[in-house]
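Opening the notebook on this one. I'll jot down what I looked up, in the order I looked.

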Amino acid sequence: MSEENLFNTKGVKKNFMFVCNKAPYGTIYALETLEMIMISAAFEQHAVIAFIDDGVFQIKKGQNTKSSGMKNFSPTFGVIAMEKEDADEDDDIDMIWRIVVEKESLEARGLSSDDLVLKTEILSTAELSDLMAKQEVILTA
Amino acid sequence: MRTLNLVNKSPFEKNCLESCVRLAKSDASVLLIEDGVYAVLDKSAKSFLIKNHQQHLSFYVLIDDLDSRGLTNMAMIDGVKKLNYGGFVDLVVNHDVVHSWL
């Protein structure tokens, strides 16, 4: 492969899954995973965003970081959900996006879909396991 | 598609291995590296994470990381295969997807 072709991603399209498994503010992982998700959108890749374990706390409604001084990035997930709906309706955009949450993780933390900042698909462990096995690239962080 | 799951955190500190065995499909492989190797101790309180899933998952452990931690001569869970770095590479090329559980 010649050097100029190294970063030529034209026409390359893969099925990505981003597994968000960490709570939002204790570490930088959650914010950095969101960056990866945005970049994959810029390259028009197919993506599944999956929230499991403490990752479900990333999309908890009503986050207010004013007093802690940190960036509240939960509204960004709402924007992603709106962009996804636009992409679903636009035939010119060849991007399949899914936003899924593991039901068991949600329930273990006393949460329900009403507590979340965006509309998601609620999947059982078995359903998420099936979906995970179909991906070409899986990034958990 | 066959997946190789990589776990590099101790099961006593993080739930990576627990999430991995919960969500991995049958016939997937799990390779324990770095602090992940503590999961293979036969008498540990977390050994069930491996023992309860050996029917449908293949477990591997990196010898070099066992050696570093003084675990080489400890009782290991039966059926966990020991690999060196060459075996690690073979495992990677024999699977379609590599999933690191950070």
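Predicted model: local features only at pLDDT ≥ 70, side-chain atom pairs only at ≥ 80, totals over all residues.

I checked burial in chain A: 31% of its 141 residues count as buried (20 or more other C-beta atoms within 10 Å of the residue's own; exposed is 12 or fewer, partly exposed in between, with C-beta atoms placed from the backbone). Residues are numbered from 1 along each chain as its sequence is written, and chains are lettered from A in the order written.

Next, the layout. I read β-α-β-α-β-α-β-α-β along chain A, with four helices and five strands (DSSP runs numbered from the N terminus: H or I of at least four residues, E of at least two).

Then I went to α1(A), residues 29-42. Its 14 residues reach 20 Å from first C-alpha to last, close to the 20 Å expected (1.5 Å times one less than the number of residues). I found Ala30(A), Thr33(A), Leu34(A), Ile37(A) and Ser40(A) buried. Down the axis of α1(A), the buried residues fall within an arc of 120°, so they line one face (the arc is that of directions from the helix axis to the C-beta atoms).

What do they pack against? I noted β1 (15-20), β2 (46-51) and α2 (74-89) of chain A (contact is C-beta atoms, placed from the backbone, within 7 Å). Turned away from that buried side, I have Glu32(A), Glu35(A), Ile39(A) and Ala42(A), exposed. After α1(A) comes Glu44(A), with a positive phi near 50°.

Notes. Contact = placed C-beta atoms within 7 Å.
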